[in-house]
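Open the model in your viewer and keep the selection tool ready. We will go stop by stop.

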Amino acid sequence: MDALHCLRTRRSIRTFAPDADVPAGAVDVMIDCARLAPTSMNEQPWTFLVLRDPATRARIVELAGHGEFLRAAPVAIAACVDEWEWWKEDGSAAVTSLLLAAHALGFGACWMSMEPAPYAAAVKALLGVPDTVHLLAVVAVGRPAEQPSPEKKALAEVVRQERW
């Protein structure tokens, strides 16, 4: 898939095809793309947890009180980021790369935010994430069973030249 097409057509997918697996090789490609994301001062502060156990994903939904799509996804990937000055920026770049890689491979994905949400500490404990590491997101991945097309703002609405 062409990079610009990928960027322009990626959407958050919350409905997944039943009984459609995400092969380990595809997960590896997604995580490989995520680990190559831009990072301040080349810190590379991330670790990714692959979550295939349905009971674990269901417990995350229970702890968060939302994110039912996580139950239907055959796999989820938790993005964990070491504490440091630019952890949010670095982690967000990595998760964005993961989302784009999933789309490029023909999968759908949706980012479920974790920190600073109040349920993040319980999810971190469930996954065994150390206290010194942030749990930025859990990304559900699967074969899309929907093609959302939310209306996006026009380019002219979001661009200004030189000053506000």
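## Stop 1: a surface patch

Select Leu155, Val158 and Val159: they form a nonpolar patch on the surface, with about 280 Å² of accessible area together. Patches are made of residues with over 30% relative accessible area and no salt bridge; like charges are joined within 9 Å, nonpolar side chains (Val, Leu, Ile, Met, Phe, Trp, Tyr) within 5 Å. A salt bridge is a side-chain nitrogen of Lys or Arg within 4 Å of a carboxyl oxygen of Asp or Glu. Accessible areas come from the Shrake-Rupley method with a 1.4 Å probe, and for residues only the protein chains shown count as cover.

This is a predicted model: local features need pLDDT of at least 70, side-chain atom pairs count only at pLDDT 80 or more, and totals for chains, interfaces and linings use all residues. Numbering starts from 1 along each chain as its sequence is written, and side-chain values use heavy atoms, without hydrogens and water.

Stay on leucine 155. Its place is in helix H7 (residues 155-158). Helices (H or I, at least four residues) and strands (E, at least two) are DSSP runs, numbered from the N terminus. Is leucine 155 buried or exposed? Leucine 155 is exposed, with a relative accessible area of 64%. Exposed means over 50%, buried under 20%, partly exposed in between (1.4 Å probe, protein chains only).

## Stop 2: the sheet

Now show the strands. Four of them make an open sheet in the order S1-S2-S4-S3, with antiparallel pairing. Strands S1 (46-51) and S3 (108-113) stand at the edges with a single partner each, so one side of each has no neighbour in the sheet. Neighbouring strands are turned by 25 degrees against each other on average, direction ignored.

Select S2 (residues 75-82) and S4 (residues 133-142): eight bridges join them. Two strands pair if DSSP finds at least two bridges between them. Pick alanine 79; its bridge partner in S4 is alanine 137. Six bridges join S3 to S4. Glycine 108 stands opposite glycine 142 in S4. Ten of the ten residues of S4 are buried, so S4 is largely enclosed by the rest of the structure.

## Stop 3: helices across the sheet

H3 lies across S1, S2 and S3, at about 110 degrees to S1. Axes are lines fitted to C-alpha atoms, for helices over the stretch in contact (heavy atoms within 4.5 Å). Angles run from 0 to 180 degrees between N-to-C directions.

## Stop 4: histidine 103

Finish in helix H5 (residues 87-104), at histidine 103. Histidine 103 is buried, with a relative accessible area of 17%. Which residues does histidine 103 touch, not counting residues up to four places away in sequence? They are Met1, Cys6, Thr9 and Arg10.
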